[in-house]
Amino acid sequence: MFKLVRYPTNLFALMALCFIGFSSLLLLISGVVFYGTYSEIAYREIRETKQELLGETSRKLSNYVAGIQETSRFLVINSVMHQYLSSPPSGTFDYVIKSRELHEELQKMMTMKAGLHSIEIYTDWIVGYPPYSFAFMHPLEEADRQGWLSRSERSDGFWLGAHVNERMSPSAELVSYVQRIIGERGQTLGFIKINIPAEKLFETLSGGQSGSGHSAYYAVFDSGGHFIASALPPDMAASRSMADLEREIAATRYSIIYSDANPESWTLMQVLSKDVLQQSGKEIRNLIVALLSALIILSVPLAFWVSKRLTAPIYSIVEGMRKVEKGDFNVRLQGSAIQEYRYLTMHFNRMIQRVKALIHRLNQEHRDRREAEAQLLHAQIKPHFLYNTLDLIHWRALDYNAQEISQMVKQLSKLFRIGLSNDKYYVTVRDELAHARCYMAIQAYRQNFSIDYREFADSDLLDCIIPKIILQPFLENAVIHGFQNRSEDAVVQVRFESRETPGEKRLIVTIADNGQGVPRDFDPQRAGGIGIRNVLDRIQLYCGPQYGVRVTPGASGGTLVTLQLPFIRDPEEMEQLTRSLSYEYDTFGG
């Protein structure tokens with residue numbers, strides 16, 4: 001053996017020595033790299049898992065907070081509360097009667113909404129009268145003494161962090177939500193303050209189980225970074241500042257993870273022990289040391305056996321790989337008498353089979369992705385106008401005696417009946433024009449200037465098929481942005497016409513207005529709102545990249561929008577066109 005090591009004169013000895021040396025070195029390097037990589041991945045995976053769990057907890061918090069705020073909004077629009085607080089009591093008897101009825105209204109809400117500690121009213125309505133026996137109403141000067149009245153100047157609704165109310169709950173911390181009560185004329189009638197125990201908040205985070213254990217340490221901050229409540233480890237002092245809490249935790253054996261922004265824009269901070277995140281790293285280190293030691297010892301006898309038979313099966317594998325490189329995925333290798341090469345050939349065959357399956361799966365995923373993108377782009381435009389219109393109806397009802405509301409709702413119902421009636425992404429020109437007329441009728445109620453809306457389309461074009469809701473975003477831009485700073489009446493024209501182009505017949509749609517216009521270098525691809533880009537994306541997705549939208553200044557002022565679409569007579573042609581756009585993926589992989 002000494003001579004063999006000292007004088008490696010044959011390939012067998014040289015391959016054995018090289019195999020032992022290189023395998024030992026590679027195993028050591030691989031072990032170090034694997035340990036570092038696995039430790040990092042394990043740490044990240046555990047942290048991401050904790051992050052996902054915290055996200056679920058954050059959603060529970062969001063739902064709970066939203067429920068409290070909805071309760072507050074319900075109270076501030078209560079007709080009894082508005083009726084009584086809008087005018088001062090006529091006397092002590094009237095004050096007592098109304099106070100009793102207000103107290104009953106609050107008690108009803110306390111009964112319906114579990115988990116509330118108390119509901120208070122802060123108003124100057126009670127000034128000059130003795131406190132009611134249940135003491136649920138307080139003057140505004142009491143709110144000023146508590147230090148939160150100044151915050152009402154910046155927001156009509158806000159949360160108060162954990163505090164102790166000596167009068168109502170001297171032994172437990174409360175978290176409160178304050179909502180302004182606004183009268184019919186816009187005046188402030190007072191404030192509703194809903195108090196919940198801080199312990200109830202953390203029971204919600206831990207799934208209704210108080211004292212959930214070592215890992216259930218939280219701190220909650222609102223969207224402005226204001227402290228709401230915290231449940232921290234016993235050896236950590238509570239801090240009402242997020243920065244102070246981060247600095248304090250950085251010097252301890254704990255780590256912090258944050259939740260993603262929830263619908264209420266609160267920040268949920270969870271404090272975890274670093275031992276929990278690093279525990280798997282210690283276990284894998286011991287396992288790697290034992291595994292490497294065993295592999296290095298076994299590599300010595302294995303080196304002599306493998307070196308003797310190393311080259312025989314190589315050529316068959318190389319030949320099989322060359323066939324695969326040429327695109328032949330039907331190649332299969334015969335098993336070798338050597339175990340390692342039999343293992344390689346078996347997994348090589350499995351790999352080729354799996355590659356074929358993955359190619360077919362990729363083709364299917366491409367088709368499914370296109371369908372999902374189509375549905376997503378189509379669904380994105382639906383709520384874009386819904387919320388604006390509902391908000392408009394709301395303010396219209398406040399400003400007027402509601403005679404026009406029925407007409408607006410009628411037009412709105414037509415609008416959504418056409419736009420949301422089915423899951424098809426296309427409609428006829430006739431339905432799209434009806435949808436546009438409903439939208440412009442609603443805008444005529446809203447704007448303080450006259451709107452002259454005109455349509456031009458030959459009767460033989462009304463049954464043509466086009467993507468749904470492609471006129472409304474441009475009509476909205478024309479009315480809202482085109483006449484934002486102009487005093488003259490609006491004139492908006494929509495025209496449908498067919499045009500022969502080389503190789504095909506196209507449907508040309510133009511939308512012209514006399515508004516303030518757009519810059520000459522305006523690019524729909526870089527438009528700020530989602531409406532124009534959504535229409536452009538849907539046209540190219542459904543019809544092809546050769547179609548699209550062009551926005552230019554009008555010849556005599558205003559804006560001219562030109563839409564180029566395929567000339568399609570029936571839904572079958574539209575479906576066939578959309579399907580043909582996905583066939584380009586089907587040839588991938590042979």
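Modeller: Start with Val33, which lies in helix α2 (residues 11-76). Keep in mind that this is a predicted model.

Biologist: Why is Val33 called partly exposed?

Modeller: Its relative accessible area is 48%. Buried means under 20% and exposed means over 50%, so Val33, at 48%, is partly exposed.

Biologist: What makes Val33 part of a nonpolar patch on the surface?

Modeller: A patch residue needs over 30% relative accessible area, and Val33 has 48%. Nonpolar side chains are joined within 5 Å. The patch consists of Phe22, Leu25, Leu26, Ile29 and Val33, and together they have about 490 Å² of accessible area.

Biologist: Now a strand. Why is β1 (residues 118-122) described as mostly covered?

Modeller: Five of its five residues are buried. Ser118, Glu120 and Tyr122 point one way, Ile119 and Ile121 point the other way, and all of these are buried.

Biologist: How do you know that β1 is paired with β5 (residues 188-197) and with β2 (residues 137-138)?

Modeller: Pairing requires at least two bridges between two strands. Five bridges join β1 to β5, and these strands run antiparallel. Two bridges join β1 to β2, in parallel, so that pair also meets the requirement of at least two. As examples of residues, Ile121 stands opposite Ile192 in β5, and Tyr122 has His138 in β2 as its bridge partner.

Biologist: What holds such pairs together in general?

Modeller: Strands of a sheet pair through backbone hydrogen bonds, either parallel or antiparallel.

Biologist: What makes β11 (451-457) and β15 (548-553) edge strands?

Modeller: They belong to an open sheet of five strands in the order β11-β13-β14-β16-β15, with mixed pairing. Each of the two has a single partner strand, so one side of each is left without a neighbour in the sheet. On average, neighbouring strands of this sheet are turned by 15° against each other, direction ignored.

Biologist: Why do β14 (residues 504-513) and β16 (residues 559-566) count as a pair?

Modeller: Eight bridges link them in the antiparallel sense, and at least two are needed, so they pair. Thr510 has Thr562 in β16 as its bridge partner.

Biologist: What makes Ile469 worth a remark?

Modeller: Ile469 has a positive phi of about 55° although it is not a glycine. This residue is found in the loop between β12 (465-467) and α13 (472-481). Its relative accessible area is 5%, under the 20% limit, so Ile469 is buried.

Biologist: Why is α13 itself called mostly covered?

Modeller: Seven of its 10 residues are buried. They are Gln472, Pro473, Phe474, Leu475, Glu476, Ala478 and Val479.

Biologist: Last one: is Ser259 buried or exposed?

Modeller: Ser259 is in the loop between β8 (254-258) and β9 (267-273). At 10% relative accessibility, under the 20% limit, Ser259 counts as buried. The C-alpha atoms of Ser259 and Glu56 are separated by 8.9 Å, with the two residues 203 residues apart along the chain.

How values were computed. Residues are numbered from 1 along each chain as its sequence is written. This is a predicted model: local features need pLDDT of at least 70, side-chain atom pairs count only at pLDDT 80 or more; totals for chains, interfaces and linings use all residues. Side-chain values use heavy atoms; hydrogens and water are left out. Buried means under 20% relative accessible area, exposed over 50%, partly exposed in between (1.4 Å probe, protein chains only). Helices (H or I, at least four residues) and strands (E, at least two) are DSSP runs, numbered from the N terminus. Patches are made of residues with over 30% relative accessible area and no salt bridge: like charges are joined within 9 Å, nonpolar side chains (Val, Leu, Ile, Met, Phe, Trp, Tyr) within 5 Å. Accessible areas come from the Shrake-Rupley method with a 1.4 Å probe; for residues, only the protein chains shown count as cover. A salt bridge is a side-chain nitrogen of Lys or Arg within 4 Å of a carboxyl oxygen of Asp or Glu. Axes are lines fitted to C-alpha atoms, for helices over the stretch in contact, and angles run from 0 to 180 degrees between N-to-C directions.
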